[in-house]
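Please read it alongside the sequence and the model.

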Amino acid sequence: MKILDRSGRGRSASSDEGESTAAVRLDDVTHEYGTDSGRFGSGNDRTLTALRDVSLAVQPGTIVGLKGPSGSGKSTILHAVSGLLVPTSGTVELLGTDLTALSDRERVRVRREHVGIVFQRFHLLPSLTARANVALPLVQAGVPRSKRRERAVELLEQVGLGDRTTHLPGELSGGERQRVAIARSLSTDPDVIVADEPTGELDTATGTEVLELLTSLGDDRAVLVASHDSATLAIADDVVRLRDGMVIEDAG
Ligand code: ADP
């Protein structure tokens, strides 16, 4: 069963901004950590409100930046969009499907099929070659081995690492590792990319290269990038500013 229909991509031209054709749409999202025996332990009813009534939309083909100091809720938003957490209240729509209404299983499937994730620290498996790291999401998607290999090499070529396909992450520079991570995030041809401080570990020049890559991800793709780095936010079409879990300004 396919939950989201790819044919729905890009049909936003005739609709108002914020209509359900947005690639990503959060409505009145509030999230409290610690209500389910999380970090604070059981028998303790302390909670921490990480997001308060956050609403935002990302249209296909656009990049939205999330700006705010550490602890302002950026990662929590990215986790909600990738279905890694279900907010306490509010709705999180991906191409019109409300992730909060899905079963855990369906949410995992939506993430695997439609969301690519880029982390600050790359999260590559050290014992796998660049090619195998890029192909990993395709293993979960059930793509046959030869096709996986072909696609992984193609993506590595696209990010300028055609000559590094059999290198291990430990044999690559920081910028090269992040490019491998970006290639991996693209392997399933997702509709949405979420990137959490993608240049946080890189020097300025390398960070710029990675950002250029992020901006060239594709016509229809929606990108949500969290950062407190102004160079990173400069690539965004819109910037949503957060403080203490609240949107304080939507510089659209
Ligand atoms: P940012 O990405 O902007 O640094 P986060 O979304 O990581 O912000 O965090 C928002 C708030 O939620 C912070 O106060 C943080 O300490 C808290 N927080 C994040 N993750 C958890 C967790 N798993 N359990 C409890 N509190 C958390």
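## Burial and overall make-up

Of the chain's 252 residues, 46% count as buried (under 20% relative accessible area; exposed is over 50% and partly exposed lies in between, with a 1.4 Å probe and protein chains only). The chain has seven helices and ten strands, taken as DSSP runs numbered from the N terminus (helices H or I, at least four residues; strands E, at least two). Among contacts between residues at least 6 apart in sequence, 72% join residues at least 24 apart; contact means heavy atoms within 4.5 Å.

This is a predicted model, in which local features need pLDDT of at least 70 and side-chain atom pairs count only at pLDDT 80 or more, while totals for chains, interfaces and linings use all residues. Residues are numbered from 1 along each chain as its sequence is written, and side-chain values use heavy atoms, with hydrogens and water left out.

## Nonpolar cores

A nonpolar core is a set of buried Ala, Val, Leu, Ile, Met, Phe, Trp, Tyr and Cys residues joined through side-chain atoms within 4.5 Å. The largest one holds 32 residues, and Val 134, Leu 156, Val 180, Ile 182 and Leu 217 touch the most other members. At least two residues each come from α3 (130–140), α4 (145–158), α5, β7 (192–196), α6 and β8 (222–227). Helix α5 gives the most to this core, with five residues.

Leaving aside neighbours within four places in sequence, Leu 217 is in contact with Ile 182, Leu 186, Ile 193 and Val 223. A second, separate core has 30 residues, including Ala 23, Leu 51, Leu 102 and Val 192.

## Helices α5 and α6

Helix α5 (residues 174–186) packs with helix α6 (residues 204–215) at an angle of about 15°, their axes 10 Å apart. That angle makes α5 roughly parallel to α6 (under 35 degrees). The crossing of the two helices is right-handed, the near helix being turned clockwise from the far one by less than a right angle.

On the α5 side the contact is made by Gly 175, Gln 178, Arg 179 and Ile 182, and on the α6 side by Thr 206, Glu 209, Val 210, Leu 213 and Leu 214. These residues divide into four nonpolar, three polar and two charged.

## Gln 178

Gln 178 lies in helix α5 and counts as buried because its relative accessibility is 0%. Not counting residues up to four places away in sequence, Gln 178 touches Val 118, Phe 119, Gln 120, Phe 122, Pro 198, Leu 202 and Val 210. Gln 178 and Leu 124 are 54 residues apart in sequence and 9.0 Å apart in space, C-alpha to C-alpha.

Terms used. Axes are lines fitted to C-alpha atoms, for helices over the stretch in contact, and angles run from 0 to 180 degrees between N-to-C directions. Angles under 35 degrees count as roughly parallel, over 145 as roughly antiparallel, 65 to 115 as roughly perpendicular and the rest as oblique. Ala, Val, Leu, Ile, Met, Phe, Trp, Tyr, Cys and Pro count as nonpolar, Asp, Glu, Lys and Arg as charged, and the others, Gly among them, as polar.
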